[in-house]
2 protein chains.
Amino acid sequence: MGDIVDEESKSLPSKENFSEWYNEVLMTAQVMDVRYPVKGLYVWYPFGFSIRKKVYNLLRSLMDVDHQECYFPMLIPKTELLKESEHIKGFEDEVYWVTHGGLTPLEIPLALRPTSETAIYPMYKLWIRSHADLPLKLYQIVNTFRYETKQTRPLIRLREITSFKEAHTAHATWEDAERQVQEAIGIYSDFFTKLAIPFIICKRPDWDKFPGADYTMAFDTLMPNGRTLQIGTVHHLGTRFARTFEIMYEDAKGERQYVNQTCYGISERCIAAVIGIHGDNKGLVLPPNASPTQVVIIPIVFKSGGAEILDACKKVRAILNEAGIATVLDDSSERPGAKYYKWEMKGVPFRIEIGPRDLKSNSVMLVRRDGVKESLPMDGLPSAISGRLMDFQAELLKRASESMWSRIKDCSTLDEARSQIESGVARLAWCGEKACGLEMENATGGKLLGEPQGMTGGGACPVCGKPAGRVVLVARSY
Amino acid sequence: MGDIVDEESKSLPSKENFSEWYNEVLMTAQVMDVRYPVKGLYVWYPFGFSIRKKVYNLLRSLMDVDHQECYFPMLIPKTELLKESEHIKGFEDEVYWVTHGGLTPLEIPLALRPTSETAIYPMYKLWIRSHADLPLKLYQIVNTFRYETKQTRPLIRLREITSFKEAHTAHATWEDAERQVQEAIGIYSDFFTKLAIPFIICKRPDWDKFPGADYTMAFDTLMPNGRTLQIGTVHHLGTRFARTFEIMYEDAKGERQYVNQTCYGISERCIAAVIGIHGDNKGLVLPPNASPTQVVIIPIVFKSGGAEILDACKKVRAILNEAGIATVLDDSSERPGAKYYKWEMKGVPFRIEIGPRDLKSNSVMLVRRDGVKESLPMDGLPSAISGRLMDFQAELLKRASESMWSRIKDCSTLDEARSQIESGVARLAWCGEKACGLEMENATGGKLLGEPQGMTGGGACPVCGKPAGRVVLVARSY
C-alpha cells in the first residue's frame with residue numbers, strides 16, 4: 001500500500017524556520033496528522049507508525065537483556081494516586097480525571113496515568129517478599145496522559161503520550177539502586193547513539209527533580225533552533241515510595257527492610273529528536289537504525305528494456321533483503337523524479353538507481369540521502385551497502401555531535417549566557433546555592449539543566465562571585 | 001530473570017470446576033494478577049505478557065500482508081462520539097467519561113474509546129479524496145474501555161481491554177466491502193487455526209449486530225464449561241458511518257460517492273480461549289505457535305558428570321535455537337521435579353531431559369506437555385523436534401475441534417435445546433422471524449448466536465411450527 005493521500009509535490013519551509021519546518025515535515029512526510037479534533041492529540045500515520053515500531057523495537061531489544069516487559073492498568077484510583085504527597089504535588093494540575101461510567105458517577109474517581117508509580121507499586125508490595133526476589137526490573141510501553149496547558153507540539157508536548165517506555169526497578173540497598181541508575185544511563189546512551197542523537201547527561205537541580213525522587217539524571221539533546229529537548233530521565237527513588245506503599249523484603253538475616261527503587265523513562269520525543277536533528281529541506285533524514293526502509297530501488301526505465309531492468313531490480317532487492325538490509329522496490333508508474341521526491345521526504349538513507357547503462361556495466365548507482373553518489377559493482381553489493389550504511393549512520397552522529405558541541409559555550413557572566421542561549425547552551429561556574437541557580441534562570445531567561453556528567457570547571461559563580469566548585473548548563477528548553 | 005514470586009508448589013483446582021480453575025491458573029502460572037485495586041482491571045505479569053507478545057506478533061504478521069498499522073488517540077470528544085446515533089445507543093451506558101483536567105472542568109467531556117470508529121472516521125474524511133485512495137485498510141492494537149456492570153473476568157470481561165486489535169477499511173462499493181468481510185473472515189480463521197482454537201462463524205441476528213452495522217459476522221468458540229465465547233467479529237458498515245462523517249470519494253466519472261466500510265476486531269479473549277480450551281490440571285498447555293518458549297531443556301545431574309551434561313544441554317539449546325525453535329535451558333539449582341512442575345504450569349509444549357544415560361546413548365528424552373515420552377537421537381534433532389512440534393500443534397487443534405463439535409447438537413424442541421445448552425450448543429431450525437428467535441432465547445435461557453456459516457438444515461421452526469429455511473445456534477455465552 002502506498003501513501004494515504006497522494007498530494008501534489010509540496011516544498012517544505014526552509015529548516016532555518018525550524019518550528020514551521022517541523023510541523024510541516026511531520027504532515028508532508030506522513031509521520032503525524034495534527035488535524036485530530038482535540039488539542040494536543042495527534043494521529044500516527046502508518047508511515048510514522050512504522051518508524052515508531054522500528055525505534056521501539058530497538059529500545060525493546062536493549063531493555064530485554066535484563067528487564068521483563070509487562071502491563072499495568074491505565075486507570076489509577078484517586079486513593080492510590082494521592083498516597084505519595086510529594087509525587088502528587090508534581091502532577092495534580094495535569095491529571096485527567098474519569099468521573100463517570102456511563103451516566104453513573106464513580107465512587108472513586110480514576111486518573112489517567114500520568115506515569116505509573118502509583119499503579120505499579122501496590123503490586124510490588126504483593127510481589128516482593130524476600131531478598132531472593134530482588135532485583136526486580138520491569139518495564140512497559142504505554143500511553144500516558146497530561147492535561148497540558150502550555151502550547152502542545154506533536155511528539156514533543158502531548159496530552160496523550162502514546163509511547164512512554166517506563167522502567168521500574170527494586171533493589172536491596174541504596175547503592176544497588178545507584179548502580180541501576182548507572183546501568184540505565186548506559187542503556188539509554190547506547191539507544192540514543194544508535195539513533196545518532198548526541199546528548200548531554202545532567203544531574204537536575206534539586207528543585208527540578210522528579211516528584212518523589214532522591215535525585216534525577218536527565219538526557220538532553222539540542223535542537224536546531226537552539227532549544228534543548230529532554231529525551232530521557234533516570235530517577236533514584238530511594239525508599240520514599242517503598243515507605244508509602246510498604247514495599248518490604250526480608251533480608252538474609254530475616255529482618256524486614258524497605259526496598260530501594262529507581263525508575264526511568266523515554267517517550268516519543270526520541271523520534272522528535274531524530275526528525276529535528278537530522279532532517280533537511282527535502283524532508284526526513286533517517287539514520288539506518290531508525291528507518292523502516294534502508295534502501296529503495298528505483299528502476300530507470302526508458303522506452304525499451306524495461307523488463308530486463310525490472311528483473312535486475314528484483315534480483316537486487318532479493319539479495320539485499322536476504323542480507324538483512326530492509327529494501328523496497330518502487331516499481332509504481334510514477335516518474336523517477338516524483339519517486340526521488342517521495343523517498344527523500346520519507347528520509348530513506350539510500351536510493352539505488354538501475355538503468356540501461358548500469359545494467360550494461362553490471363553495476364548500480366547508489367545515491368545517499370545527503371546526495372553523495374557512487375557507482376557500485378553488482379558483485380559484492382550486500383557487503384558494500386552494509387558497510388556504507390554503517391558509515392552513513394556514523395557520519396550522521398558525527399555531524400550532529402559536532403553541531404551540538406559547537407553550540408555549548410563557556411560563559412563567565414550572566415550577560416554572556418543570556419546571549420549564548422539564543423542559539424545554544426551556556427556553561428557557567430556555580431557555587432551550588434539554589435538562590436544563585438534561580439538567579440541564573442531569571443537573568444538569562446533560560447533553565448538550569450543541572451550539572452553535566454563528566455565536565456568540571458573552575459572560576460567564580462557569576463551571581464555571588466564565590467569560588468565555584470562545579471559547572472552548570474543553562475539553556476532555553478522545550 | 002525468573003518468576004516474580006517463587007511460590008510453594010500449589011496444586012490447581014480440577015478443571016472440571018472450570019471457573020475456579022481458570023482464575024487460579026491465571027494467577028499460579030503468572031499470566032494475570034487479579035489483585036489490582038480496581039474491579040475489572042488486571043495486571044499482565046511478565047510471563048503473561050510474553051504470551052501476549054507472541055500471539056499478537058502472529059496476528060500482526062497476518063494483518064501486515066495487506067493492512068497498515070497506525071495509531072489514533074484514546075480520547076474521543078463527546079461531540080464526535082454522539083454523532084452516530086445508532087452507534088452511541090450501543091455504548092452510552094458503558095462509556096467512561098473524562099470530565100476534568102487537573103481541577104478544571106473540560107469544556108467538552110472526553111470519552112475513553114470503547115472502540116475507535118468515531119476517532120478514526122473524522123480522519124478518513126480528510127484522507128480519502130478519490131477512488132485511487134481506495135481501498136484503505138488500517139488497523140491498530142490499543143487499549144479500549146468499557147464500564148462493565150456485569151461480573152468481570154480476566155481476559156474475558158474487562159474494564160480495560162488492553163489488547164484490542166481493530167481494523168477499519170474503506171471501499172468504493174458495498175460489494176467491495178463485502179469481499180473485505182470475507183477476507184477478514186479468512187485472516188481470522190487462519191489466526192485461530194494457528195492458535196489451535198476451533199470456531200464457529202455465525203451471522204448474528206439483526207437485533208444483536210454491532211451498533212451502526214449493516215450486518216455482523218462473529219467467531220465463537222466453546223469453552224469447557226459449555227459456554228460460548230465470542231472471540232472475533234467482522235462488521236459490514238455499509239455507508240452509515242460514511243454518511244455521518246461525510247467520508248466521500250470522487251469516482252472515475254468525477255462523481256462524489258460515499259465510501260462503504262468494514263471494521264473487525266479481536267481482543268485478548270483469544271488468549272482466554274487458548275488457556276481455557278487447552279489447559280489441564282497441571283496448568284497451561286500452549287500450542288507451539290502461542291508459546292514464548294517451545295522447548296525447555298532440563299539437565300538431569302547426579303553427583304558426578306554434571307559439567308559434561310550441562311555442556312550437552314547448551315549444545316542442544318544452541319542447535320535448536322539456531323533452527324528457529326524457541327528453546328531455554330533451566331540450569332537453576334532447583335530439583336528436576338520442581339522444574340517439571342514449573343514449566344508444565346507455564347504450558348511449554350516440550351521438555352527435553354538430558355541425563356547420564358542419554359549422554360551415553362547420544363540421545364535425549366523428549367516429554368510432550370501431554371505426557372507422551374520418546375527417546376530421540378541427537379543426530380537430526382532439530383528437524384525431529386520441528387516435526388513433532390507441528391504434530392503436537394495439529395493434535396491440540398484436532399482434540400479441541402472434536403470436543404467442540406461433539407457438543408453442538410441438533411435439537412428439534414425448545415425443551416431439548418434448554419437441556420442441551422447446559423453443556424454445549426443447540427442447533428435449531430428457524431423460520432427467520434425475530435419473535436420466534438426471541439422466544440428461543442426466552443424458553444432456553446440461552447442466546448441466539450445466529451445463523452452458522454456453511455450449515456443448512458430443514459424441519460420446522462420449533463416455536464411457530466412453520467417450515468424453516470434456516471438453522472440457528474443457541475447457547476449460553478460469556
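Lys194(A) and Asp190(A) are four residues apart in helix H6 (residues 174-194) of chain A, and therefore about one helical turn separates them. Their side chains meet in a salt bridge, with 3.1 Å from N to O. The model is a predicted one.

**Salt bridges**

- Over all chains, the count of salt bridges comes to 64.
- Four salt bridges are found across the interface of chain B and chain A.

**Backbone features**

- Most residues other than glycine have a negative phi, and most peptide bonds are trans.
- Ala196(A), a residue other than glycine, has a positive phi, near 60°.
- The loop between H6 and strand E9 (200-203) of chain A holds Ala196(A).
- In chain A, the peptide bond joining Leu134(A) and Pro135(A) is cis, with omega about -10°.
- Pro135(A) belongs to the loop between helix H5 (117-127) and strand E7 (136-145) of chain A.
- In chain B, a cis peptide bond joins Leu134(B) and Pro135(B), with omega about -5°.
- Pro135(B) sits in the loop between helix H5 (117-127) and E7 of chain B.

**Contact between the chains**

- How many residues does each chain bring to the contact? Chain B contributes 63 residues and chain A contributes 63 residues.
- The size of an interface is often given as the accessible area lost when the parts come together.
- Between them, chain B and chain A bury about 5400 Å², and 66% of this area is on carbon and sulfur atoms.
- There are 24 residue pairs in polar contact between chain B and chain A, counting pairs with both residues at pLDDT 80 or more.
- Strand E5 (residues 96-101) of chain B supplies six residues, the largest share of the side of chain B that touches chain A.
- That side of chain B is made up of 37 nonpolar, ten polar and 16 charged residues.
- Strand E5 (residues 96-101) of chain A pairs with E5(B) in the antiparallel sense, over five bridges.
- In this pairing, Tyr96(B) in E5(B) is the residue opposite Gly101(A).

**Symmetry**

- Two copies of a chain are related by a rotation about an axis and a shift along it.
- Chain B is superposed on chain A by a rotation of 180° with 0.0 Å of shift along its axis, and the RMSD is 0.0 Å.
- The two copies are thus related as by a two-fold rotation axis.
- Which residue of chain B comes closest to the rotation axis? Val98(B) does, with its C-alpha at 2.1 Å.
- The copies meet through the same surface, because 100% of the interface residues of chain B are also interface residues in chain A.

**A sheet in chain B**

- Strands of a sheet pair through backbone hydrogen bonds, either parallel or antiparallel.
- Chain B has an open sheet of eleven strands with mixed pairing, in the order E3-E7-E8-E14-E11-E10-E9-E22-E23-E21-E20.
- At the edges of the sheet stand strand E3 (68-69) and strand E20 (408-410) of chain B; each has a single partner strand, so one side of each is left without a neighbour in the sheet.
- E3(B) runs parallel to strand E7 (residues 136-145) of chain B, and two bridges join these strands.
- Gln68(B) has Leu138(B) in E7(B) as its bridge partner.

Technical notes
Residues are numbered from 1 along each chain as its sequence is written. Chains are lettered from A and ligands numbered from 1 in the order in which they are written. This is a predicted model: local features need pLDDT of at least 70, side-chain atom pairs count only at pLDDT 80 or more; totals for chains, interfaces and linings use all residues. Side-chain values use heavy atoms; hydrogens and water are left out. Contact means heavy atoms within 4.5 Å. Buried area is the accessible area (1.4 Å probe) that two parts lose on being put together, summed over both. A polar contact is a pair of N or O atoms within 3.5 Å; within protein, one must be able to donate a hydrogen and the other to accept it, and residues adjacent in sequence count only if both atoms are side-chain atoms. Ala, Val, Leu, Ile, Met, Phe, Trp, Tyr, Cys and Pro count as nonpolar, Asp, Glu, Lys and Arg as charged, and the others, Gly among them, as polar. Two strands pair if DSSP finds at least two bridges between them. Copies are superposed by least squares on the C-alpha atoms of residues with pLDDT of at least 70 in both.
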